[in-house]
Amino acid sequence: MPLLQQNEGRKKTLGNVVDSLGDKIKFYPEVPKALESLHAQGYSLGVASRTGEIDGANQLLDLFDWNKYFKYKEIYPGCKVTHFNQFKKQSGLSFKDMLFFDDEHRNIRDLEAQGVVSILVKNGVNMKVIEEGLKTFASRQ
C-alpha cells in the first residue's frame, strides 16, 4: 500500500478511507468497538508509533475519527520507552499503572523491563485480547 502524502488520504462518502491510488485502507475490524468501549469505561488511552510517516499516521487517526479516543499521542521514530516516558510525564502515571498492546516482541521486552504490563498481539487487537490484557493487568496490581 502506498504511504499517504500530506492531504492524499481521504474519506469517501460511504466512510471508507482510501489512499492516493484509491485503495481502501483497512484496520482490524474490532478496533473501533474496542476504542469506544475503553473510552466509555473511563480509561485514558494513548497511541505510540515509531513510524517516520508522522503526518500520515496523524491523518489516518483523523480520517478514521479515532483522535477523540486518545488523550496521549506519541508518533515519531524512536524507542517505545521514549514514547512511554512522555506518557509518564504527561499523565503523572507510573509505568506499573500502564497497559500496553503491541505486535512486536522488542517493544514488549523493552516496556516489560520498565514495569509496563505489556501484551503481545499476534493477530490484531480485538475485544478478547483486550479483556485478557485487562485481566493480566489486574492480576499484577
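**View 1. Helix α1 packed against helix α5.** In this predicted model, helix α1 (residues 31-40) and helix α5 (residues 127-140) pack at an angle of about 35 degrees, with their axes 9 Å apart; axes are lines fitted to C-alpha atoms, for helices over the stretch in contact, and angles run from 0 to 180 degrees between N-to-C directions. Lys33, Ala34, Ser37 and Leu38 of α1 make the contact with Met127, Ile130 and Leu134 of α5, where contact means heavy atoms within 4.5 Å. By class, these residues divide into five nonpolar, one polar and one charged, with Ala, Val, Leu, Ile, Met, Phe, Trp, Tyr, Cys and Pro counted as nonpolar, Asp, Glu, Lys and Arg as charged, and the others, Gly among them, as polar. An α-helix has 3.6 residues a turn, so residues three or four places apart point the same way. Lys33, which belongs to helix α1, is exposed at a relative accessible area of 54%; buried means under 20% relative accessible area, exposed over 50%, and partly exposed in between (1.4 Å probe, protein chains only). Between the C-alpha atoms of Lys33 and Met127, which lie 94 residues apart along the chain, the separation is 8.0 Å.

Residues are numbered from 1 along each chain as its sequence is written, and side-chain values use heavy atoms, with hydrogens and water left out. Since the model is predicted, local features need pLDDT of at least 70 and side-chain atom pairs count only at pLDDT 80 or more, whereas totals for chains, interfaces and linings use all residues.

View 2. Strand β3 (residues 45-49) pairs with β4 (70-75) in the parallel sense, over five bridges; two strands pair if DSSP finds at least two bridges between them. Helices (H or I, at least four residues) and strands (E, at least two) are DSSP runs, numbered from the N terminus. Ala48 stands opposite Glu74 in β4, and the chain crosses from β3 through α2 to β4 in a right-handed β-α-β crossover. A crossover is right-handed if, with the strands pointing away from the viewer, the path from the first strand over the helix to the second runs clockwise. Ile75 in β4 is the bridge partner of Ser49.

**View 3. Tyr72 and its surroundings.** Tyr72, a residue of strand β4, is buried, with a relative accessible area of 11%. Apart from its neighbours within four places in sequence, Tyr72 is in contact with Ser44, Leu45, Gly46, Val47, Phe87, Gln90 and Ser91. The C-alpha atoms of Tyr72 and Val47 are separated by 6.4 Å, although the two residues are 25 apart along the chain.

**View 4. Helix α2 and the loop that follows.** In helix α2 (residues 54-63), the buried residues are Gly56, Gln59, Leu61 and Leu63. Asp65 follows α2 and has its place in the loop between α2 and β4. Asp65 is not a glycine, yet its phi is positive, at about 65 degrees. Most residues other than glycine have a negative phi, and most peptide bonds are trans. With 38% relative accessibility, Asp65 counts as partly exposed.

View 5. Strand β5 (residues 99-102) has a covered face, made of Phe100 and Asp102, and an uncovered one, made of Leu99 and Phe101. Four bridges join β5 to strand β6 (residues 117-120), and the two strands run parallel, with Leu99 standing opposite Val117 in β6. Together with helix α4 (residues 105-114), β5 and β6 make a right-handed β-α-β unit.

**View 6. The whole chain as context for the close-ups.** The protein chain holds five helices and six strands, and from the N terminus on its elements run β-β-α-β-α-β-α-β-α-β-α. Of its 141 residues, 33% count as buried, and among contacts between residues at least 6 apart in sequence, 50% join residues at least 24 apart. The chain exposes about 8700 Å², of which carbon and sulfur atoms supply 50%; accessible areas come from the Shrake-Rupley method with a 1.4 Å probe, and for residues only the protein chains shown count as cover.
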